[in-house]
Amino acid sequence: MLEHEGKASSKSSVTRVAIASLGAVGLKLAQVLDAGFDGYRLTAVSARNRDAAATRVAGFKNPPQVLPIEDLEACADLVIECAPAEFFADIAEPFLRAGKTVVALSAGAVIRNENLLQIAADHGGRIMVPSGALLGLDAVAAAAQGNIESVRMITRKPVRGLLGAPHLVTHGIDITGITAPMKIFDGTAREAAVGFPANLNVAVALSLAGIGPDHTQLEIWADPALQRNMHQIKVVSDSAHFSMEIENIPSENPKTGRITAQSVLALLCKLNSPLQVGT
Ligand SMILES: NC(=O)C1=CN([C@@H]2O[C@H](COP(=O)(O)OP(=O)(O)OC[C@H]3O[C@@H](n4cnc5c(N)ncnc54)[C@H](O)[C@@H]3O)[C@@H](O)[C@H]2O)C=CC1
Ligand SMILES: O=C([O-])CC(=O)C(=O)O
């Protein structure tokens, strides 16, 4: 590895980071930032239960402030949004109005709050959607500079990674006792953002890199034999045809792959590095 590749470079200014909230992704990121991550300092976190969060960060080298969501902006230059999707606008809007950066894990909430893009444009803020639990967004974005004919994704998840999704509830689909793979959804990334707000952010991220949420097609399967979340993607374009597959090892949250938090760390490194690799 080259000295600068994959590591945040040291530079004199330090970016103050807020994290909302301290779930599987947020706690991991908070721990890594607190241990020391060049160019960044964790200053504040938010959580549903702020007393429990205060206990969690009490042993940190530099415990961040534990604040209500609306107070995070005053303490940070950048916020990492890793909370349930319904809180996305409350977390992001103050940062965007202040011309600051929002790293958004709830990609589905980005397309459900499109007004925030105008707010970002008007105030010099920006929303960054990391690759998260997915791969190949660089190639998809490059292909989108030409013509993409189709982007199709097939997601297979263990039953516990899908339970509680609104699509299952509203359609009365019971997957609890299934003994064989069951197709539970066939539609667009935009429809998936509504039906699976906590499970299919990856499909929305893929769509934003490529041909948009109304043209990116997705199948979702519940598979009782699986332990890992699997995503297969096929892209047909006038510059390249490609297929990609990822098998995500779950984090403490069975819905979320471990690689998700690491993707955010890689993004933070890239933002600060004199050598940037990948589109
Ligand atoms: N873009 C991507 O590739 C991926 C995105 N995600 C998304 O990232 C987000 C975080 O994922 P995880 O950490 O696994 O979720 P998680 O469920 O482990 O953590 C969410 C946290 O938000 C907290 N919370 C709930 N209500 C709150 C409130 N009112 N105020 C503040 N905090 C509150 C919960 O207590 C929990 O600690 C989710 O929206 C998930 O769907 C997850 C995996 C991949
Ligand atoms: O899409 C998501 O939000 C999470 C996911 O599929 C994964 O971790 O594999």
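With a relative accessible area of 15%, Glu-219 counts as buried, where buried stands for under 20% relative accessible area, exposed for over 50% and partly exposed for what lies in between, with a 1.4 Å probe and protein chains only. The model is a predicted one, in which local features need pLDDT of at least 70 and side-chain atom pairs count only at pLDDT 80 or more, while totals for chains, interfaces and linings use all residues. Residues are numbered from 1 along each chain as its sequence is written, chains are lettered from A and ligands numbered from 1 in the order in which they are written, and side-chain values use heavy atoms, with hydrogens and water left out.

Glu-219 belongs to strand β9, residues 216-222; helices (H or I, at least four residues) and strands (E, at least two) are DSSP runs, numbered from the N terminus. The side chain of Glu-219 makes a polar contact of 2.9 Å with the side chain of Trp-221. A polar contact is a pair of N or O atoms within 3.5 Å; within protein, one must be able to donate a hydrogen and the other to accept it, and residues adjacent in sequence count only if both atoms are side-chain atoms. Once residues up to four places away in sequence are set aside, Glu-219 touches Arg-152, Met-153, Ile-154, Thr-155, Lys-183, Phe-185 and Asp-186, contact being defined as heavy atoms within 4.5 Å.

Beyond its neighbours within four places in sequence, Leu-200 is in contact with Met-153, Thr-155, Lys-157, Ala-192, Leu-218 and Ile-220.

Ligand 1 is surrounded by 23 residues, of which the closest are Ser-21, Ala-83, Asn-201, Asn-253 and Thr-256; a residue is near a molecule if one of its heavy atoms lies within 4 Å of it. By class this shell has 14 nonpolar, eight polar and one charged residues, with Ala, Val, Leu, Ile, Met, Phe, Trp, Tyr, Cys and Pro counted as nonpolar, Asp, Glu, Lys and Arg as charged, and the others, Gly among them, as polar. Helices α1 (24-35) and α9 (201-209) each supply at least two residues of the shell around ligand 1.

Around ligand 2 the shell includes Ala-133, Lys-157, Leu-200, Asn-201, Asn-229 and His-231, and its residues divide into three nonpolar, seven polar and two charged.

| Residue and its atom | Ligand atom | Distance |
|---|---|---|
| Val-25, backbone N or O | ligand 1, oxygen | 2.9 Å |
| Arg-48, backbone N or O | ligand 1, nitrogen | 3.1 Å |
| Asn-253, side-chain N or O | ligand 1, oxygen | 2.8 Å |
| Lys-157, polar side-chain atom | ligand 2, oxygen | 2.8 Å |
| Asn-201, polar backbone atom | ligand 2, oxygen | 3.3 Å |
| Asn-229, side-chain N or O | ligand 2, oxygen | 3.3 Å |

Taken alone, ligand 2 exposes 260 Å², and the protein buries 94% of that. The elements that give two or more residues to the shell of ligand 2 are α9 and β10 (229-237).

**Residues in other elements**

Pro-166 lies in helix α7, residues 166-170, and is partly exposed at a relative accessible area of 33%. Leaving aside neighbours within four places in sequence, Pro-166 is in contact with Val-194, Gly-195 and Pro-197, while the C-alpha atoms of Pro-166 and Ala-192, 26 residues apart in sequence, are 9.9 Å apart in space.

Arg-190 lies in helix α8, residues 189-195, and is likewise partly exposed, with a relative accessible area of 30%. Apart from residues up to four places away in sequence, Arg-190 touches Ile-111, Glu-114, Pro-213 and Asp-214.

Ser-273 is found in the segment after α10 (259-272) and is buried, with a relative accessible area of 10%; its side chain reaches the backbone oxygen of Leu-275 at 2.8 Å.

Terms used:
Accessible areas come from the Shrake-Rupley method with a 1.4 Å probe; for residues, only the protein chains shown count as cover.
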